[in-house]
Amino acid sequence: MKVALLGQSQLSNATTSDIAAFSARLNLLTGGSITVLQAAVGGSALVKTAAQSSMPHNYWLDKDSSASPLYALLQNSLTDLAAVWWVHGEQDANVGISENVYAAGLRELQAIISGAAGYYVPFLVSPLGNASR
């Protein structure tokens, strides 16, 4: 089973050994075989209106740019993806993206990832910033 860890901030600084340790701990606690796909990107926005020209990774819902975190994620095989843990929202909240716009963006992202996997992929959402209200 594979779980994608998507988001920003400290998650994007996690090393390969950090992710391996996290996966090993999950496996120990659950008795399962869980692989964590680390795709967190610091300094990224979810929606286009929150993206700024100074952001090196563009925004998650940019389906046309190879600089998009979504583009990078979709280069992986998602056929055995069990879930997505979304830890994000700070950039979008900092520029005033409404909760409705952010939620619509999350639904779109979930639909794209589910489409790439070929089945419904549940999201666990841990928002950051004002989006966590």
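Me: Is Glu108 buried, exposed or partly exposed?
Reply: Glu108 counts as partly exposed, since its relative accessibility is 33%. Buried means under 20% relative accessible area, exposed means over 50%, and partly exposed is in between, with a 1.4 Å probe and protein chains only. Keep in mind that this is a predicted model: local features need pLDDT of at least 70, side-chain atom pairs count only at pLDDT 80 or more, and totals for chains, interfaces and linings use all residues. Residues are numbered from 1 along each chain as its sequence is written, and side-chain values use heavy atoms, with hydrogens and water left out.

Me: Which residue forms a salt bridge with Glu108?
Reply: Lys63 does, and the closest N and O atoms are 2.8 Å apart. The rule asks for a side-chain nitrogen of Lys or Arg within 4 Å of a carboxyl oxygen of Asp or Glu. Lys63 sits in the loop between E2 and H2 while Glu108 is in helix H4, so the pair ties together parts 45 residues apart in sequence.

Me: How many salt bridges does that rule give?
Reply: The count is one salt bridge.

Me: What's the overall layout, then?
Reply: Along the sequence the pattern reads β-α-β-α-β-α-α-β, with four helices and four strands. Those are DSSP runs numbered from the N terminus: helices are H or I with at least four residues, strands are E with at least two.

Me: Which element has the highest mean pLDDT, and which the lowest?
Reply: Helix H4 (residues 99-117) has the highest at 93, and strand E1 (residues 2-7) the lowest at 68. pLDDT is the predictor's confidence in each residue, from 0 to 100. The protein's mean is 79, and 81% of its residues reach 70 or more.

Me: Switching to aromatics. How many aromatic pairs turn up?
Reply: One, from a search of the whole structure. The rings of Trp60 and Trp86 have centres 5.3 Å apart and planes at 75°, so this pair is edge-to-face. Rings of Phe, Tyr and Trp (its six-membered ring) pair if their centres lie within 6.5 Å; planes under 30 degrees apart are stacked, over 60 edge-to-face, and the rest tilted.

Me: Where do those two Trp residues sit?
Reply: Trp60 is in the loop between strand E2 (35-38) and helix H2 (69-73), and Trp86 is in strand E3 (residues 81-88). They are 26 residues apart, and the pair links distant parts of the chain. Trp60 is buried at 0% relative accessibility, and Trp86 is buried with a relative accessible area of 0%.

Me: What about the largest nonpolar core, how many residues?
Reply: It has 26, and those with the most contacts inside it are Leu46, Trp60, Trp86, Leu109 and Ile113. H2, E3 and H4 are the elements giving two or more residues, and H4 gives the most, with six. A nonpolar core here is a set of buried Ala, Val, Leu, Ile, Met, Phe, Trp, Tyr and Cys residues joined through side-chain atoms within 4.5 Å.

Me: And Ser114, buried or exposed?
Reply: Ser114, in helix H4, is buried, with a relative accessible area of 10%. Leaving aside neighbours within four places in sequence, Ser114 is in contact (heavy atoms within 4.5 Å) with Tyr119, Tyr120 and Val121.

Me: Last one: what does Gln52 touch?
Reply: Gln91 and Val95, not counting residues up to four places away in sequence. Gln52 is in the loop between E2 and H2 and is partly exposed at 39%.
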